Amino acid sequence: MFVTGHGPFPSYIHRFNLQTHDNCSCGEKGDPIHYATKCRFTLSWHFQTPAVSFKLQWLKNILTNNLSRTRLRLLMRFICDENNLIVEDSN
């Protein structure tokens, strides 16, 4: 889900007009990279922000490193379990 961006991310849900915006509760665009690097709600699982030109290599490194994959699984579990916390209410 993280690599493809499919899942409980506001940026994905917004694409299907199931939500009026693609923002996280913190006000920034709610895409997977945001939750893994910048979101204040996911500080415990943050990775170092990749440079735009190294984003693909950054993803490959995360997926090949056992510790990084474990952190990523924990991050995704948190996002799925606490979706009401991270998705901004549109009302």
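The legends below describe close-up views of a predicted model. In this model, local features need pLDDT of at least 70 and side-chain atom pairs count only at pLDDT 80 or more, while totals for chains, interfaces and linings use all residues. Residues are numbered from 1 along each chain as its sequence is written, and side-chain values use heavy atoms, with hydrogens and water left out.

**View 1. The largest nonpolar core has 19 residues.** A nonpolar core is a set of buried Ala, Val, Leu, Ile, Met, Phe, Trp, Tyr and Cys residues joined through side-chain atoms within 4.5 Å. Buried means under 20% relative accessible area, exposed over 50%, and partly exposed in between (1.4 Å probe, protein chains only). Phe-2, Tyr-35, Trp-58 and Ile-79 touch the most other members. At least two core residues come from each of helix 2 (32–37), helix 3 (55–64) and helix 4 (66–81). Helix 4 gives the largest share, 5 residues. Helices (H or I, at least four residues) and strands (E, at least two) are DSSP runs, numbered from the N terminus.

**View 2. Phe-2 and Trp-58 form a tilted ring pair.** Rings of Phe, Tyr and Trp (its six-membered ring) pair if their centres lie within 6.5 Å; planes under 30 degrees apart count as stacked, over 60 as edge-to-face and the rest as tilted. Here the centres are 6.4 Å apart and the planes are at 50 degrees. Phe-2 lies in the segment before helix 1 (10–15) and Trp-58 in helix 3, 56 residues apart. Both Phe-2 and Trp-58 are buried. Ring pairs also join Phe-47 with Phe-2 and Trp-58 in a cluster.

**View 3. Helix 3 packs against helix 4 at an angle of about 95 degrees.** The axes are 5 Å apart. Axes are lines fitted to C-alpha atoms, for helices over the stretch in contact, and angles run from 0 to 180 degrees between N-to-C directions. Contact means heavy atoms within 4.5 Å. Ile-62, Leu-63 and Thr-64 of helix 3 meet Asn-66, Ser-68, Arg-69 and Leu-72 of helix 4.

**View 4. Glu-28 sits in the loop between helix 1 and helix 2.** Glu-28 has a relative accessible area of 36%, so this residue is partly exposed. Beyond its neighbours within four places in sequence, Glu-28 is in contact with Asp-22, Asn-23, His-34 and Lys-38. Glu-28 and Lys-38 are 10 residues apart in sequence and 9.1 Å apart in space, C-alpha to C-alpha.
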